[in-house]
Amino acid sequence: MPELPEVETVRRGLLPVMEGAVITLAEVNRPDLRWPLPDRMADRLTGRRVMALRRRSKYILADLDSGETLLVHLGMSGRMLISGTMLGQFHHDHPAPQKHDHVVLHMDGGARVTFNDARRFGAMDLVATDRAALHPLLAGLGPEPFGNDFNGPYLAARLAGRRTPIKAALLDQRVVAGLGNIYVAETLYRARISPLRLAGDLVDTLAQGLVPVIRAVLTEAIEAGGSSLRDFRQANGELGYFSKHFQVYDREGDPCERPGCTGTILRSVQSGRSSFWCPACQR
Ligand SMILES: [Zn+2]
């Protein structure tokens, strides 16, 4: 499932073909994804210029010159493909239509953006731009991890007194937007904090210190995504999925990489989801 760095990589890949360009034709090939698509979606997109392409948490927001914003969520299996233009060093010709190409945007620069989603857990909606922040999918979200509102005193206050594991607290999208299972695991490893520890038990300095660690982990992943765009290896023009080295995520049984630590990475199940961590150096 794409997390914030993957979504940001998709946004950066779409920027040169979408921002400032006009959607000359929108094809909407079915009435719903996870939820029904908005009424007259194709008509409301066709002929509109994309004024800005933003990201909020794991959502991509395309502000249109009609005063509406197209909200896109990739869901579990949603993929964005670009064809008809250069992507990194490669040009991808328009592919033959595929079975799960649900929405296709033809841009006036000649590029085509295809949203393909076999499992249809993705979502798209159209909302008035000036009320986009109130959309049900966005309204409850906490601050962006790179925003000024997300800082040491804020995080320490949100964790104080919580009797839930720190892992669950960081996955709570009301605390910080966009963190998922992978990058929470990497953050807690780097901070030497056990995912099982109760959030409210972290002393203030440890809680505040998580902010720069979260930013560093996400920044490195976004940079890896950026390299994947420049040096595009995937033959089909697909955006957003890139290989990245993880220190603990999905490494059960591997020796801990921390210099001097002789621990072995464990997998624990918390709230039905896997946690990967080193019991020797994460306390
Ligand atoms: Zn270790």
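Is glutamate 8 counted as buried or exposed, and at what relative accessibility? I looked this up before anything else. Glutamate 8 counts as buried, because its relative accessibility is 5%; buried means under 20% relative accessible area, exposed over 50%, and partly exposed in between (1.4 Å probe, protein chains only).

**Ground rules**

I note that this is a predicted model, where local features need pLDDT of at least 70, side-chain atom pairs count only at pLDDT 80 or more, and totals for chains, interfaces and linings use all residues. Residues are numbered from 1 along each chain as its sequence is written, and side-chain values use heavy atoms, with hydrogens and water left out.

**Entry: salt bridges**

I stayed with glutamate 8 and looked for its partner. Glutamate 8 makes a salt bridge with arginine 55, with 2.8 Å between the closest N and O atoms; the term asks for a side-chain nitrogen of Lys or Arg within 4 Å of a carboxyl oxygen of Asp or Glu. Glutamate 8 belongs to helix 1 and arginine 55 to strand 2 (residues 50-56), so the pair ties together parts 47 residues apart in sequence. Helices (H or I, at least four residues) and strands (E, at least two) are DSSP runs, numbered from the N terminus. Arginine 55 counts as buried too, because its relative accessibility is 19%.

I searched the whole structure and found 17 salt bridges. Another one joins arginine 251 to aspartate 254, with the closest N and O atoms 3.5 Å apart. Arginine 251 counts as buried at 19% relative accessibility, while aspartate 254 counts as partly exposed at 28%. I also found a network in which salt bridges with shared partners join Glu8, Arg11, Arg12, Arg55, Arg56 and Glu144.

I then checked aspartate 43 and arginine 40, whose side chains meet in a salt bridge (3.9 Å, N to O). Both of these residues are exposed.

**Entry: the sheet**

In what order do the four strands of the open sheet stand? I read the order as 1-8-9-5, with antiparallel pairing; two strands pair if DSSP finds at least two bridges between them. Strand 1 (23-28) and strand 5 (79-83) are at the edges with a single partner strand each, so one side of each has no neighbour in the sheet. From one strand to the next, the twist averages 15°.

I followed strand 5 to strand 9 (residues 112-116), and five bridges join this antiparallel pair. Leucine 81 is opposite threonine 114 in strand 9.

Helix 1 (residues 4-18) lies across strand 5, strand 8 (101-107) and strand 9, at about 35° to strand 5. Such angles run from 0 to 180 degrees between N-to-C directions, with axes fitted to C-alpha atoms, for helices over the stretch in contact; contact means heavy atoms within 4.5 Å.

**Entry: the zinc ion**

Which protein donors does the zinc ion have? I found Cys256 (SG), Cys261 (SG), Cys278 (SG) and Cys281 (SG), lying 2.3 Å from the ion. Along the chain, the donors of the zinc ion follow the spacing C-x4-C-x16-C-x2-C. Donors here are N, O and S atoms within 2.8 Å of the metal (3.2 Å for Na, K and Ca). Both cysteine 261 and cysteine 281 are buried.

**Entry: proline 38**

I ended at proline 38, in the loop between strand 1 and helix 2 (41-45). Proline 38 counts as buried, because its relative accessibility is 13%. Leaving out residues up to four places away in sequence, proline 38 touches Arg44, Met124, Asp125 and Leu126.
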